[in-house]
Amino acid sequence: MLLRETESLQKQYEELAELDKKHFFHPSTSFKQQQADGPGFIFTEGKGIYLKDIRGREVIDSLSSLWNVNIGHGREELAVAAMEQMKKLAYSSTFATNSHEPVIRLAAKIAEMTPGDLNYTFFTCGGSESNDTAFKTARYYWKMKGYEKKTKIISRGKSYHGVSLGASPATELFPFRDFPGLSQEHLYVDSSIDALKELIEREGAETIAAIISEPVQGSGGVNLPPSEDFFKEVREICDQNDILFIADEVINGFYRTGTTFGIDNFGVVPDMLVFAKGVTSGYAPLGGVVFTDRLKEELTELTEGNFYHGYTYSGHNTACAVALKNLELIEQEKLNENVNQMGAELLKGFKYLEQTHDEIGNIRQIGLLGAIEIFKDRDTKTTFEEPLAPKVVEEALKHNMIGRAIIYEGQDTIAFAPPFCITKDEVEKMISIIDTSLTAVKKGL
Ligand code: PLP
């Protein structure tokens, strides 16, 4: 790039950075860091696994942004799908009995993809709204059946279910619910069947509306369930105690774990399946809750008049059209199959890192969702006093890769969830950057 061009781009960056600091209240950000440093990147373009910023720098997006740009960046077909829908009808209401073709076709497509009799979808704009909807409907359902006290929601340790007033208390990761005024109707349980049974016994099944769980936890560190049968046992406990089981598939859903939904890995059908992110690969905001035929029939029977719950953008025409095209392309181009092939390459890379660095252990991978953990002593699982993952990620940025460190509750983890279009060479590049970055960080210890 010419010097004059670089200077001009830097000037544009600085102008926008000032405005950002003054006016843009960032989500999940340190106020102090934003005010001191301004925006790290001002992204302008993306292609495949790469993002480009206003100063012309290109970086690998190793987490598909927020575990959501599954198809990869820069897919023009999705822009065309949005444009065609917008030209015809960008938005129309779905309240009362109004409808439109994209929402009908998408609901039918999702019914085809989900396991068992999960066939009836309520649409939202994202994960938090979907979990709010699931909790509200679970409580409503029990109330209508005459069980007014069945209101508590159980979630698992290290879970993340969103940040709305309803979803924050279900998120076990403490920093997200350290706010005043959140409901106390939530209970947390370790990932153990005995602990779950004890909790239900202690609280009384007559006070519990639902259990929510991510099949494979994402933001809490990419954690697989403690055993193959864990969810089968959870399902049984739910059935025995009249508790609804909600699978939060916001990260897992739509092929991220190599199966259509995360829960498919464990042979279980939940009562409600919550989705968002991957349904549109982030090209438009959309989420939802899929209900079983059984719940649908009971809700219909139990409700006289309106069900007073709905968002202006429930079943947004353009977002639904984008989702349909996104799912069509993923299947047509067999990107869902690439998830398993590249998942295997990712695991190979993790094993290489484990062999090369004594500090790496507890590697895990399912589809294109994976993590490595850093230990001072991996045999005794002793961690460094100050976690290394953030430093490795900082170093990786110097090599043009945006990484994700997860350090809640003493973990020292680096998570990976690249776009489904990733190639073998690109997986190797990511692994090589982590290798180099960890070596550099260790030198500085
Ligand atoms: N549930 C899970 C498992 C998530 O990972 C997230 C977001 O990361 C949410 C819910 C919340 O979704 P949103 O940020 O779209 O509200």
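Q: A residue is buried if 20 or more other C-beta atoms lie within 10 Å of its own. With that in mind, what makes both faces of S15 covered?
A: This is a predicted model, and in it Thr-413 and Ala-415 on one side of S15 are buried, as are Ile-414 and Phe-416 on the other. Each of these four therefore meets the cut-off of 20 or more C-beta atoms within 10 Å, and both faces of S15 are covered.

Q: Why does Glu-395 count as buried?
A: Glu-395 has 21 C-beta neighbours inside 10 Å. The cut-off is 20 or more, so Glu-395 counts as buried.

Q: Where is Glu-395 found, and with which residues is it in contact beyond its neighbours within four places in sequence?
A: Glu-395 is found in helix H12. Beyond those sequence neighbours, it is in contact with Ser-437, Ala-440 and Val-441. As for Ile-434, it is 39 residues from Glu-395 in sequence, while their C-alpha atoms are 8.6 Å apart in space.

Q: Across which strands does helix H12 lie?
A: Helix H12 (residues 389-398) lies across S12, S14 and S15. Relative to S14, helix H12 runs at about 175°.

Q: What makes S11 and S14 edge strands?
A: Take the sheet order to start with: S11-S12-S15-S14, four strands in an open sheet with antiparallel pairing. Strand S11 (360-366) and strand S14 (404-406) each have a single partner strand, so one side of each is left without a neighbour in the sheet, and they stand at the edges. From one strand to the next, the twist averages 20°.

Q: What is the strand order in the open sheet of seven strands, and which are its edge strands?
A: The order is S4-S10-S9-S8-S7-S5-S6, with mixed pairing. Strand S4 (118-124) and strand S6 (186-189) each pair on one side only, as edge strands do. The twist in this sheet averages 25° from one strand to the next.

Q: Why is strand S7 called mostly covered?
A: In strand S7 (residues 208-213), six of its six residues are buried. That means each has 20 or more other C-beta atoms within 10 Å.

Q: How do you know that S7 pairs with S5 and with S8?
A: Four bridges join strand S5 (residues 152-156) to S7, in parallel, and four join S7 to strand S8 (residues 244-248), also in parallel. Both counts meet the cut-off of at least two bridges. Lys-152 stands opposite Ile-208 in S7, while the partner of Ile-212 in S8 is Ile-246. S5 also pairs with S6 in the parallel sense over four bridges, with Ser-155 partnered by Tyr-188.

Q: Which helices lie across S7?
A: Helix H7 (residues 193-203) lies across S5, S6 and S7, at about 150° to S6. Helix H8 (residues 230-241) lies across S7 and S8, at about 145° to S8.

Q: What makes a set of residues a nonpolar core, and which residues have the most contacts inside the largest one?
A: Such a core joins buried residues of kinds such as Ala, Val, Leu and Ile through C-beta atoms within 7 Å. The largest nonpolar core here has 112 residues, and Ala-210 and Ile-246 have the most contacts inside it. Helix H10 (residues 317-332) gives the most to this core, with eight residues. Leaving aside neighbours within four places in sequence, Ala-210 is in contact with residues including Phe-135, Ile-153 and Ile-246.

Q: Which residues come nearest to the ligand, and how is the shell around it made up by class?
A: Of the 16 residues around the ligand, Gly-126, Gly-127, Ser-128, Gly-162 and Val-250 come nearest. The shell has five nonpolar, nine polar and two charged residues. Helix H6 (residues 127-144) gives the most to it, with three residues.

Note on methods:
Residues are numbered from 1 along each chain as its sequence is written. This is a predicted model: local features need pLDDT of at least 70, side-chain atom pairs count only at pLDDT 80 or more; totals for chains, interfaces and linings use all residues. A residue is buried if 20 or more other C-beta atoms lie within 10 Å of its own, exposed if 12 or fewer, and partly exposed in between; C-beta atoms are placed from the backbone. Helices (H or I, at least four residues) and strands (E, at least two) are DSSP runs, numbered from the N terminus. Two residues are in contact if their C-beta atoms, placed from the backbone, lie within 7 Å. A residue is near a molecule or strand if its C-beta atom, placed from the backbone, lies within 6 Å of it. Ala, Val, Leu, Ile, Met, Phe, Trp, Tyr, Cys and Pro count as nonpolar, Asp, Glu, Lys and Arg as charged, and the others, Gly among them, as polar. Axes are lines fitted to C-alpha atoms, for helices over the stretch in contact, and angles run from 0 to 180 degrees between N-to-C directions.
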